[in-house]
Amino acid sequence: MPMTAENPPRTALVFGASGQIGTELVTRLVRDGWHVHAVSRQQRSSPAGVHWLQGSLGEPPALPAVVDVVFSCGPLDAFSQWYAHAALQCPRVIAFSSTSVMVKQDSQDPFERDLAARLAAGEQAVLTRALTVQTAATLLRPTLVWGAGMDRSLSRIAALAGRWGLFVLPNSARGKRQPVHVSDLASAAMAVIDCPTSHGQVYALGGGQVLSYQQMVRQVLAALPGQPRLWCVPGAFFSLLVRVAAASGKMAGFGPAMQARMQQDLVFDIGPAQRDFGYAPRGFAPNPAELGMDQ
């Protein structure tokens with residue numbers, strides 16, 4: 001719809017605006033003629049269509065009193081705590097959570113269980129608050145995110161493989177994955193803005209291709225300069241390698257919980273998102289820039 005004096009630009013408030021999803025979302029909003037209030041911890045210049053506000057959810061800057069949509073693209077628990085007492089007028093809230101709320105609730109790692117619990121509590125708090133203030137809320141749960149080179153999973157694998165010239169996995173790393181591109185997540189957030197069917201709903205957002213953990217890593221390595229090779233080893237040997245590497249601080253995050261999850265199928269039903277707002281994610285075909293690597 002064209003913007004006119006009778007039809008002024010709509011306004012959005014975006015938390016997590018400088019993150020991997022938020023950056024893409026802000027670009028989409030400006031392209032579509034929105035006026036964006038974008039919150040960042042770091043001071044930033046404000047290009048046309050974007051008003052950057054320096055602050056955080058814990059110590060928010062002066063915010064607009066009225067906006068058309070609030071987007072949360074950062075930590076959901078922090079957003080839910082802010083939203084519980086937010087005074088601004090807004091008829092629409094769209095917040096990103098994570099499929100980790102389901103995946104990690106029974107993890108052997110207490111930090112992962114805590115993350116899942118905080119996500120679950122945050123989701124419930126947002127939906128409850130939205131009902132209380134008669135706001136339409138939608139929650140989006142991405143799977144494994146890629147595409148901006150800012151993620152801590154695939155881009156980290158790419159960085160390690162690029163440094164070593166190879167990457168090591170256990171033979172058992174065959175659990176299915178459904179990596180999702182940041183652009184498809186931004187498209188989903190834009191699509192639900194004016195979708196009444198999505199009000200009060202929670203959607204899993206996976207990518208358009210299901211592949212095994214090993215296949216996913218092979219495609220990451222194939223996208224890198226020099227194409228580092230994948231070395232698959234017995235699980236006990238992999239555990240030993242991880243312990244040795246962890247002692248030097250090079251493999252933090254690849255502990256027993258992560259190793260166990262490599263064997264699990266982490267695939268989610270994107271049918272409701274396809275049905276309700278035409279969600280159509282791409283397959284997994286990364287390039288070096290999308291993995292945080294120089295071309």
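I take helices (H or I, at least four residues) and strands (E, at least two) as DSSP runs, numbered from the N terminus. The model I am reading is predicted, so I keep in mind that local features need pLDDT of at least 70, that side-chain atom pairs count only at pLDDT 80 or more, and that totals for chains, interfaces and linings use all residues. I number residues from 1 along each chain as its sequence is written, and side-chain values use heavy atoms, with hydrogens and water left out.

**Entry: the aromatic residues of α2**

I began with Phe79 and Trp82, which are 3 residues apart in helix α2 and therefore separated by about one helical turn. An α-helix has 3.6 residues a turn, so residues three or four places apart point the same way. For ring pairs I use the rings of Phe, Tyr and Trp (its six-membered ring) with centres within 6.5 Å, and I call planes under 30 degrees apart stacked, over 60 edge-to-face and the rest tilted. I found 9 aromatic pairs in the structure. In one of them the ring centres of Phe79 and Trp82 lie 5.7 Å apart with the planes at 35°, so I noted this pair as tilted. For accessibility I count a residue as buried under 20% relative accessible area, exposed over 50% and partly exposed in between (1.4 Å probe, protein chains only). Phe79 is buried at 0% relative accessibility, and Trp82 is buried too, with a relative accessible area of 13%. I also noted that Phe15, Phe79, Trp82 and Tyr83 form one aromatic cluster.

**Entry: a second ring pair**

I then looked up Trp231 and Phe237, whose ring centres are 5.9 Å apart and whose planes stand at 70°, so that this pair is edge-to-face. Trp231 is partly exposed at 33% relative accessibility, and Phe237 is partly exposed at 34%.

**Entry: how α2 meets α4**

Helix α2 (residues 76–83) packs with helix α4 (residues 110–132) at an angle of about 30°, the axes being 8 Å apart. By my convention angles under 35 degrees are roughly parallel, over 145 roughly antiparallel, 65 to 115 roughly perpendicular and the rest oblique, and α2 is therefore roughly parallel to α4. The axes are lines fitted to C-alpha atoms, for helices over the stretch in contact, and the angles run from 0 to 180 degrees between N-to-C directions. Taking contact as heavy atoms within 4.5 Å, I listed Leu76, Asp77, Phe79, Ser80 and Tyr83 on the α2 side, and on the α4 side residues including Arg118, Leu119, Gly122 and Glu123.

**Entry: helix α6**

I counted 9 of the 11 residues of helix α6 (residues 182–192) as buried, so this helix is largely enclosed by the rest of the structure. Among the buried residues of α6 are Val182, Leu185, Met190 and Val192.

Gln178 sits in the loop between β9 (176–177) and β10 (180–181), and at 4% relative accessibility Gln178 is buried. Leaving out residues up to four places away in sequence, I found that Gln178 touches Thr143, Gly206, Gly207, Gln209, Val210, Leu266, Val267, Phe268 and Ile270.

Val202 belongs to strand β11 (residues 202–205) and is partly exposed, with a relative accessible area of 32%. Apart from neighbours within four places in sequence, Val202 contacts Leu127, Leu139 and Arg141.
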